[in-house]
Amino acid sequence: MSDYHVPVMMREAVDYLNIKKAGIYLDGTLGGGGHSEEILRRLDGTGRLYGIDRDMEALKYATERLKAYDNFIPIHGNFRDVDILIPEDVMLSGAIIDLGVSSHQLDTPKRGFSYHEEAPLDMRMDRSSGITAEEWLNSASEDEIADTIYKYSDERWAKRIAEKIVKMRQESPLKTTTELVRAVDMAIPKAVRRNIQGHPAKRTFQAVRIKINEELDMLPSAIESIVNRLQIGGRLCVITFHSIEDRLVKRTINYLRNPCSCSPNVPICTCGKQPKLKTVFSGVKTPTQEELEQNPRSSSAKLRAAERV
Ligand SMILES: C[S@@+](CC[C@H](N)C(=O)[O-])C[C@H]1O[C@@H](n2cnc3c(N)ncnc32)[C@H](O)[C@@H]1O
């Protein structure tokens, strides 16, 4: 088992991909390469796997881990750019995306994802581009911070947290994760904080991370781009870790199953939009009790699978 990241629902997800030995697959969130390795094990020498990650550290780690497979092609980038990252003429037999951050990213203090460690407020998955959490938190308006925290985490104290952040930065700019935790602590009344399950800053950190990495707004079009690259019968598996993310994936899959925009009153479809997907099972699959015991970080995971039609 890798120290970098324990893959979540690995066998189930790869089983649902229905791997063909000579197929061409995409892992859009390579991470430590756990799902990728399971796919590669099921391919023969003629099949191949593209593995994308926006984090160079992940790419380096997984490339080393998977160096025995010469049918593995690592790519640095964002899976939303799948169209330009994999060759134009390649149609995929299946694709997997396992969203969010890896344990390695969370557990490396200098990355700034963790509310448990004092570290610079970075939070970028791709440290070669984009603005850091520090830059955003010290420049965005109070309304934008409040809206972002609420939108990406359902944090009911978002307004007060934004107020505290702005107050603190008037004294001196926020620089560390500890300062962001302090802003949250000061914003949420003590009595409420005591009853919150998990760390009081968990939601705020999640929201800021999603904002900095533009994780959600691109998801529907990114999924559609991947689906457009699937061969008929090719499958897409998506693993999510919080309800906002899962809702978006569910809506996108539902839309691609039934994109028709005609009024229900017209007898025949005139918009011409054809379904691109059918579901492989209804609803979601979740980790087994055994996996939950072995890997508590899998507790919020939800797997959805759909097939190109
Ligand atoms: C949950 S981990 C994946 C773990 C992986 N399945 C494994 O078995 O080790 C998510 C990884 O996806 C990457 N990632 C998240 N969003 C991405 C995106 N839009 N494009 C490319 N990589 C992304 C993160 O940098 C992180 O390394």
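The paragraphs below lead through the helices, ring pairs, salt bridges and charged surface of this predicted model.

Residues are numbered from 1 along each chain as its sequence is written, and side-chain values use heavy atoms, with hydrogens and water left out. Since this is a predicted model, local features need pLDDT of at least 70 and side-chain atom pairs count only at pLDDT 80 or more, whereas totals for chains, interfaces and linings use all residues.

Helix H2 spans residues 34-42 and has seven of its nine residues buried, where buried means under 20% relative accessible area, exposed over 50% and partly exposed in between, with a 1.4 Å probe and protein chains only. Helices (H or I, at least four residues) and strands (E, at least two) are DSSP runs, numbered from the N terminus. The buried residues of H2 are Gly34, His35, Ser36, Glu37, Glu38, Ile39 and Leu40.

The structure also holds three aromatic pairs, in which rings of Phe, Tyr and Trp (its six-membered ring) have centres within 6.5 Å, with planes under 30 degrees apart counted as stacked, over 60 as edge-to-face and the rest as tilted. One of them is stacked, because the rings of Tyr4 and Tyr61 have their centres 4.4 Å apart and their planes at 25°. This pair links distant parts of the chain, with Tyr4 in the segment before helix H1 (10-17) and Tyr61 in helix H3 (residues 56-65), 57 residues apart. Tyr4 is buried at 5% relative accessibility, while Tyr61 is partly exposed at 30%. Tyr16 and Phe281 form a tilted pair, because their ring centres are 4.7 Å apart and their planes stand at 55°. Tyr16 lies in helix H1 and Phe281 in the loop between strand E6 (277-279) and helix H14 (289-294), so this pair ties together parts 265 residues apart in sequence. Here Tyr16 is partly exposed at 23%, and Phe281 is buried at 11%.

Side chains of opposite charge can pair when their charged atoms come close. With a salt bridge taken as a side-chain nitrogen of Lys or Arg within 4 Å of a carboxyl oxygen of Asp or Glu, the count comes to 22. Among them is the bridge between Lys175 and Glu134, whose closest N and O atoms are 3.0 Å apart. Lys175 sits in the loop between helix H8 (158-171) and helix H9 (177-187) and Glu134 in helix H6 (residues 133-137), so parts 41 residues apart in sequence are tied together. Both partners are partly exposed, Lys175 at 45% and Glu134 at 22%. Another salt bridge joins Glu307 and Arg235 (2.9 Å, N to O), linking strand E7 (residues 302-308) with strand E5 (residues 230-240) across 72 residues. In this case Glu307 is buried at 14% relative accessibility, and Arg235 is buried at 14%. Salt bridges that share partners also join Asp15, Glu37, Glu38, Arg41, Arg42 and Arg65 into one network.

Glu142 belongs to H7 and is partly exposed, with a relative accessible area of 32%.
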